[in-house]
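Visitor: Could you take me through the aromatic contacts and then the pockets of this model?

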Amino acid sequence: MPRPIHAIIHLDALRRNLARARAAAPDARVWAVVKANAYGHGIERVFEALRGADGFALLDLAEAERVRAMGWRGPILLLEGVFEARDLELCSRLNLWHVVHCEQQIDMLALHKTHQPHRVFLKMNSGMNRLGFIPHRFRAAWTRLNALPQVDEISLMTHFSDADGERGIAAQAATFAVVTQDLPGERSLSNSAATLRFAGESIRNGQGCLPVSADWIRPGIALYGSAPDFPEHDITHWDLQPAMTLSSRIIGTQELVAGDCVGYGSGFQASAPMRIGVVACGYADGYPRVAPTGTPVLVNGVRTRTVGRVSMDMITVDLGPLQQAGVDVGFGSEVTLWGHGPRGGLLSIDEVAHAAGTVGYELMCALAPRVGVMAAP
Ligand SMILES: Cc1ncc(COP(=O)(O)O)c(C=O)c1O
């Protein structure tokens, strides 16, 4: 028998979260961001549930091939564009739209032989200082691209650094709106946080207003049921549902007396008699090793906490709250590391990530290959 740990991908939640993103920006088309193997959920697994999107955005060419192999004929956008000249051949062959963020990518396009001009998204670095043309080089890049026979339509995009935080999007959005005001083409600005928090707003430029939702939104994390601005807001606030449940079972119990320690480094010491459960889940499954004592977990749907260090294949949990609630617990009891538990229990991945000093994105992407995954309708 395999170890009792497994992940379930909730297709219905993906569909609902997609509808939620669309409702936040009803006039925009939606790129479903499925990079990093759909944030760890599996591109093939999420495909049917997300095919109601207007396009798929990702960055690995092999992943783009997988989306086409599933029969998707609509738009696919390479969020980082091409990495080398021969990638353009695949773009031509599979009709991939691609981001252009630097002069080298324009150089490669200028040398590319194709009968089919490419649709490109010209990216502005409006302040994040990752990829993109800085504002005063942006128009020159547009002019260069526009002169190429290899280029069909040019869309305009930028990416926000602080859509989920206090700084917000105002300064970057204003820079983008002003620099692009008289350029033709569709626009795309908003990730999940910008969509959920600001999609109804508009940015003034010299000629009028640019809606933050623009022509295309690019939600990723919201589709998977994680709140982009946790802990300020949680998934209930944004009406999102977890798309992944990670669950396992208790494979042993221990009765501790005061002074007993638990796990490597004796990382937890009992101050009174207590019962703990040993769970088949460790950092080799993708559970964060840095999760401290007190990280929330559900056992038989009842919320309790981890105690002691996370080891490669096991974690240990406090069974006290179950005893207090009169809930039977022992060998084989169901443990929810995140997602949906029995008896209506819900533990968002954001809470676990927050306790471990990280974000839901990292935990979903880190789900280890040894964990079996199944899809639930
Ligand atoms: C360019 C771009 N657009 C959209 C997204 C989706 O962001 P999120 O998952 O925060 O919605 C990302 C993710 O990092 C991105 O790099």
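Predicted model: local features only at pLDDT ≥ 70, side-chain atom pairs only at ≥ 80, totals over all residues.

Visitor: How many aromatic pairs does the structure hold?

Guide: Eleven. Rings of Phe, Tyr and Trp (its six-membered ring) pair if their centres lie within 6.5 Å; planes under 30 degrees apart are stacked, over 60 edge-to-face, the rest tilted.

Visitor: How are the rings of Trp31 and Trp97 arranged?

Guide: Their centres are 5.7 Å apart and their planes stand at 85°, so the pair is edge-to-face. Trp31 belongs to strand E2 (residues 29-33) and Trp97 to strand E5 (residues 97-100), so the pair ties together parts 66 residues apart in sequence. Strands are DSSP runs of E, at least two residues, numbered from the N terminus.

Visitor: Are Trp31 and Trp97 buried or exposed?

Guide: Both are buried, that is, under 20% relative accessible area with a 1.4 Å probe, protein chains only.

Visitor: Which residues form a cluster with them?

Guide: Trp31, Trp97, Phe121 and Trp216 form one aromatic cluster.

Visitor: Turning to the lining of the largest pocket, how does it divide?

Guide: Into 22 nonpolar, 14 polar and ten charged residues. Ala, Val, Leu, Ile, Met, Phe, Trp, Tyr, Cys and Pro count as nonpolar, Asp, Glu, Lys and Arg as charged, and the others, Gly among them, as polar.

Technical notes
Residues numbered from 1 in each chain as written. Heavy atoms only, no water. Helix = DSSP H or I, 4+ residues; strand = E, 2+ residues; numbered from the N terminus. Buried < 20%, exposed > 50% of the residue type's maximum accessible area, 1.4 Å probe, protein only.
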